[in-house]
Amino acid sequence: MRRITSAVLAGVMAGAPGLGTGSAIAQQAAGDGTFTLKVQSDIVLTNVVVRDKKTGEVVKGLKASDFTIFENGKPQRIETFDYQNVDEAAVLQEKSTVSGKATIADLVNRNFATDPTQLKDHRLIVMFFDLSSMQPEDTDRAVEAAQNYINKKMQPADLVALVSMSTGLTMDQDFTSDKTTLLKGVGKYNGSEGTGFVNGSEGGDSSGTSDDASSYTADDSEYNALNTDRELYAIRAIAKSLERVDQRKSLLYFSGGLTRQGIENQASLRAATNEAVKANMAIYSVDSRGLQALNPVGDASKGSLRGTAAYSGAAMQSQLDSNFGSQELLATLSSDTGGKAFFDSNDFAPAFQQIQHDTEAYYIVGFRSTNTARDGSFRRLTVKLNRNDVKLEYRPGYYAAADFQHQKNEDREQVLNDELRSDLPATDVAVYLQALYFRIEDNRFFVPVSLIVPGSQIPFLKNGDRDKANIDILGEVKNAQGIIVGNVRDTVKLALDQSQQVQRKNIQYSTGFTLAPGRYHVKFVVRENQTGRLGSFETDLQVPDMKKTPLKLSSIVLASQRTPNTTKKTVNPLVRDGVEWIPNVAHVFRQDQHLYFLYEVYDPARQKTDAATPAPSPGLTRRPGGAVRVLTSIEFMTGGVKVYETPLVEADAINTPERGAVAFQFDVPLAQLKPGTYVCQVNVIDDAGGSFSFPRLALRVQGPATQAPATTATALVEAPAQ
């Protein structure tokens, strides 16, 4: 009877592994008079480790009646119950390998461990080496720890798989207990050259920055190079490939830290966490940098600091904040999936020991939720036992399923609104976002927002000699109190001729909001209306209060396109003299393009004037109280070495009087720069006020390409001020 139950449960997990609610039964008659019975039944599974409070030993012999499980405070009926003890399982034959295949195609096609039945009653460990974020010495430490575990600590019940990522995700070894095979696979990582650039900061100011180029991670992708999405997508792919395996899995994630580089897609983090929970996979994060001794003035890998930051403590605090920020995301991944994080230690052995300790024996409790809504909301789990001398370990909750096809029969508008309110992100359509800010008057800012959807994500229908499609866009901005202060609802119709269809690269949508200084949360939902697939992007946004800032500087716009815009009345600072600047969200350019810079300095200080002071340049307005003197230039650095700098530009008067600003525009032909990754530093000095700022951005220059520029859909939408 138990064997039959396990077989049915495996079939359920293949359809919706461990998450969701509801059931359906359908019969279909075949031509020979037989019937096919199809059953869909979603069940929620959670692992529970029960330990004695005094000894820490696993408590055995418990029954389903001893447990009570709650979902959002409501008791649930336990439908399935099982006890796993991997250390009592039969030992596999020496040098046995579960699958003979080990390719990335297998991973993508969910053929990781092609025979899940061979994995039953074993401890399943996936070692994931994020080589893109690790320096060579970090890789050495991680490899040595893995080799020590394989040689000395690996148990007969342990099955280990190897996955790595440098410029792309690769599956290097499927699950196996063959130590020789594993040592050979791990040894390939030793001495691998990681970029080591993930943990830098793209921003900079006058408090102190170094001249090194370690502030950016190069990547094949135009968009994932900007943030941590690449690593999160990799974790999601690994989890999805293992969702057919019912047993608990452990992902041992070796990383040099994940740093948020600005506007991050929090939907990617939620999607990775959700997939790991669905696959019953706990993430154990290990900071491969080990215990670090931070030097207040930096080390030999960085250039000298500017200003007084090294003496005031600001540089040291900046390093501590950066180090904490690079570990925060790793800790979140571990805590939300039921794993643990290991930081600030040169001994990585406890990570392996913790995995073995957590998976030596556990109970699997399953229930069908009484909440049948498929709304994608986060549901918190609470497990209790009818005794007080034990402590329980289990993951905090899960995301309910969000079935678009189920909701499609209802109002299509409701589908978008449901997704906007849902905690579960939609990631079937890739969406990327960039938000900037420009002051339009005291205490009011215009925030241009650019959305990017890769053209490959949108299916076009043939209609004569043109391909047509349309996408729905819904977005909102909430303030710190959760009140909606701006929203957008639009449908964009696209029509491309065949030549554009072949060459199109991506679709860009532009909008904007008028906001007061403060903290906001931005979320956008995009739906392509051919298949109904959804994508979302959400992030926190900080609009600065410039009242006490010595040098008031807007965002810095990088663009490769400028299109005509004859709108007469607009508050959008990106529209100038009948031309609109289209921000390059990815910061990836080609050598045959021009790189355009745009930024503004507000309320610059004025110096006293005399008879010898020359008149302002044509087009500039000199306000009463003296002339201004703002100097600016742009430097391009690679490998910590300056390779190009624009001529120094000096402004002696206000040239944007409606905003009290000095606006700067640069046109840099990229043919003079070699392909590669650059750190771009914008130098801005208010000479009359004695203030300055040196913000930095990362960009990448590629060789000439035959692909046409992005298809751009723009719409200016002014949202109400806070």
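**Reading a predicted structure by its definitions**

Me: Glutamate 441, at 40% relative accessibility, counts as partly exposed. What makes glutamate 441 partly exposed?

Reply: The model is predicted, with local features requiring pLDDT of at least 70 and side-chain atom pairs counting only at pLDDT 80 or more, whereas totals for chains, interfaces and linings use all residues. Residues are numbered from 1 along each chain as its sequence is written, and side-chain values use heavy atoms, leaving out hydrogens and water. Buried means under 20% relative accessible area, exposed over 50%, and partly exposed in between (1.4 Å probe, protein chains only). The 40% of glutamate 441 falls in the partly exposed range.

Me: How do you know that glutamate 441 forms a salt bridge with arginine 444?

Reply: A salt bridge requires a side-chain nitrogen of Lys or Arg within 4 Å of a carboxyl oxygen of Asp or Glu. The closest N and O atoms of glutamate 441 and arginine 444 are 3.2 Å apart, so the pair qualifies. Arginine 444, at 28% relative accessibility, is also partly exposed. The structure holds 25 salt bridges.

Me: What parts does the pair of aspartate 687 and arginine 629 tie together?

Reply: Aspartate 687 and arginine 629 form a salt bridge, with the closest N and O atoms 2.7 Å apart. Aspartate 687 lies in the loop between strand S38 (676-686) and strand S39 (691-693), and arginine 629 in the loop between strand S33 (627-628) and strand S34 (630-638), so the pair ties together parts that are 58 residues apart in sequence. Helices (H or I, at least four residues) and strands (E, at least two) are DSSP runs, numbered from the N terminus. Aspartate 687, at 38%, is partly exposed, as is arginine 629, at 26%.

Me: Which residues form the largest nonpolar core, and how many are there?

Reply: A nonpolar core is a set of buried Ala, Val, Leu, Ile, Met, Phe, Trp, Tyr and Cys residues joined through side-chain atoms within 4.5 Å. The largest one has 43 residues, and those with the most contacts inside it are Leu433, Leu451, Ile473, Leu515, Tyr520 and Phe524. In soluble globular proteins, nonpolar side chains tend to be buried together.

Me: What does leucine 515 touch?

Reply: Contact means heavy atoms within 4.5 Å. Leaving aside residues up to four places away in sequence, the contacts of leucine 515 include Phe445, Val477, Tyr520 and Val543.

Me: What makes strand S9 and strand S12 edge strands?

Reply: An open sheet of six strands, with mixed pairing, has the order S9-S8-S7-S10-S11-S12. Strand S9 (169-176) and strand S12 (341-342) each have a single partner strand, so one side of each is left without a neighbour in the sheet.

Me: How do you know that the span of H5 agrees with its 13 residues?

Reply: The expected span is 1.5 Å times one less than the number of residues. For the 13 residues of H5 this gives 18 Å, and the end C-alpha atoms are 18 Å apart, so the two agree.

Me: Why is H5 called mostly covered?

Reply: Ten of the 13 residues of H5 are buried, among them Leu232, Ala234, Ile235 and Ile238.

Me: What makes strand S3 largely enclosed?

Reply: Eight of the nine residues of strand S3 (residues 44-52) are buried, so the rest of the structure largely encloses this strand. Five bridges join S3 to strand S13 (residues 361-367), and four join S3 to strand S15 (residues 390-393). Both counts reach the required two, so S3 pairs with S13 and with S15. S3 runs antiparallel to S13 and antiparallel to S15.
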